[in-house]
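Keep both at hand and follow along topic by topic.

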Amino acid sequence: MTSSKFFLLTTLISLVASQAMASDPSPLQDFCVAYKGSLANLDKPMDTTKSKAGSNVTLVNVMKLASLNTLGISMARIDYAPRGQNPPHTYPRATEILAVLEGSLYVGFVTSNQENKLFTKTLNKGDVFVFPQGLIHFQFNPSYDKTTIAIAALSNQNPGAITIANAVFGSNPRISDDVLTKAFQVDKKAVDWLQAQFWENNHN
Ligand SMILES: *[C@@H]1O[C@H](CO)[C@@H](O)[C@H](O)[C@H]1NC(C)=O
């Protein structure tokens, strides 16, 4: 075999090999799913009466469903009380696609600096909306008497929810007043009041 033919052959082989690698990057994907094929359940309405925000997010991530390990997806059911909301939050590792199953939702997200442009929409039953990865977003049930149910899919097995108010005003230990007074352009009293509130976690 001439050296140029040999070069061509090895290039072809490595190309095929790398393509096989790309479509099956980890044997964990076979073994974990087959072995740990557990089941999660999102059929039950969740309690929204105890939540100050009036919502209950049931996230099926890799901690709940071990089979999701390495697969890059997860799912959530969100129940909203009348006038309830899922307060401004972000998933640093996932884009979210959400469908309304029952009721309606006023949703929005804000783009990054410098624009900080707000996109909003009122969704009705069957409508689908997407929240791009990392952007701060929220959902609010505008109805005074009807609950809303939504199902969301997320592009990571561990999306890592960050609720903005909880992280900023409810951190443990608290962020210094010197930082928050300037950051929010308010006085120390306002910061102390916000820090004294109970910042619940509405994610289960
Ligand atoms: C969500 O609902 C479940 C089941 O009804 C309940 O156990 C849980 O405390 C609720 N979570 C919140 C944040 O209200």
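N86 sits in strand 3, which spans residues 85-90. This is a predicted model, so take every value below as computed from it.

- N86 counts as buried because it has 29 C-beta neighbours inside 10 Å, where 20 or more is the cut-off for buried.
- Leaving aside residues up to four places away in sequence, N86 touches A53, S55, V57, I78, F138, Q139 and N202.
- E96 is found in strand 4, residues 96-102.
- With 22 other C-beta atoms within 10 Å, E96 is buried.
- The contacts of E96, again without residues up to four places away in sequence, are Y91, V130, F131, A152 and L154.

**Around the ligand**

- Which residues surround the ligand? They are M46, D47, K50, S51, N56, N202 and N204.
- This shell divides into one nonpolar, four polar and two charged residues.
- N202, one of the residues around the ligand, is also among the contacts of N86.

- Five strands make up an open sheet with antiparallel pairing, and their order is 6-5-8-3-10.
- Strand 6 (118-123) and strand 10 (162-163) are the edges; each has a single partner strand, so one side of each has no neighbour in the sheet.
- Within this order, strand 5 (residues 105-110) and strand 8 (residues 136-140) are joined by five bridges in the antiparallel sense.
- V107 has Q139 of strand 8 as its bridge partner, and Q139 also touches N86.

**Strand 2 and its partners**

- Is strand 2 mostly covered or mostly open? It is mostly covered, with six of its seven residues buried.
- Strand 1 pairs with strand 2 in the antiparallel sense through six bridges.
- In that pairing, V57 has I78 of strand 2 as its bridge partner; both V57 and I78 are among the contacts of N86.
- Strand 2 and strand 9 also run antiparallel, joined by seven bridges.
- A76 stands opposite A152 in strand 9.

**The nonpolar core**

- The largest nonpolar core holds 18 residues, and A76, I78, L105, A150, A152 and L154 have the most contacts inside it.
- Strand 1 (55-60), strand 2 (74-80), strand 4, strand 5 and strand 9 (148-154) each give two or more residues to this core.
- In soluble globular proteins, nonpolar side chains tend to be buried together.
- A76 touches V57, T58, L59, V60, A152 and L154, not counting residues up to four places away in sequence.
- A152 and L154 also touch E96.

**Backbone features to look for**

- Most residues other than glycine have a negative phi, and most peptide bonds are trans.
- The N113 to Q114 peptide bond is cis, with omega near 0°; Q114 belongs to the loop between strand 5 and strand 6.
- A cis peptide bond also runs from N172 to P173, with omega near -5°, and P173 is in the loop between helix 3 (164-169) and helix 4.
- T70 is not a glycine, yet its phi is positive, about 75°.
- This residue, T70, is in the loop between strand 1 and strand 2 and counts as partly exposed, with 15 C-beta neighbours inside 10 Å.
- R83, a residue other than glycine, has a positive phi near 65°.
- The loop between strand 2 and strand 3 holds R83, which is exposed, with 12 other C-beta atoms within 10 Å.

**Exposed parts**

- Why does helix 4 (residues 177-184) lie largely in the open? The number of buried residues among its eight is zero.
- Just after helix 4, Q185 takes a positive phi of about 55°.
- K52 is in the loop between helix 2 (28-35) and strand 1, and is exposed, with 12 other C-beta atoms within 10 Å.
- How far apart are K52 and Q85 in sequence and in space? They are 33 residues apart in sequence and 9.2 Å apart in space, C-alpha to C-alpha.

Definitions and conventions. Residues are numbered from 1 along each chain as its sequence is written. This is a predicted model: local features need pLDDT of at least 70, side-chain atom pairs count only at pLDDT 80 or more; totals for chains, interfaces and linings use all residues. Helices (H or I, at least four residues) and strands (E, at least two) are DSSP runs, numbered from the N terminus. A residue is near a molecule or strand if its C-beta atom, placed from the backbone, lies within 6 Å of it. Ala, Val, Leu, Ile, Met, Phe, Trp, Tyr, Cys and Pro count as nonpolar, Asp, Glu, Lys and Arg as charged, and the others, Gly among them, as polar. Two strands pair if DSSP finds at least two bridges between them. Two residues are in contact if their C-beta atoms, placed from the backbone, lie within 7 Å. A nonpolar core is a set of buried Ala, Val, Leu, Ile, Met, Phe, Trp, Tyr and Cys residues joined through C-beta atoms within 7 Å.
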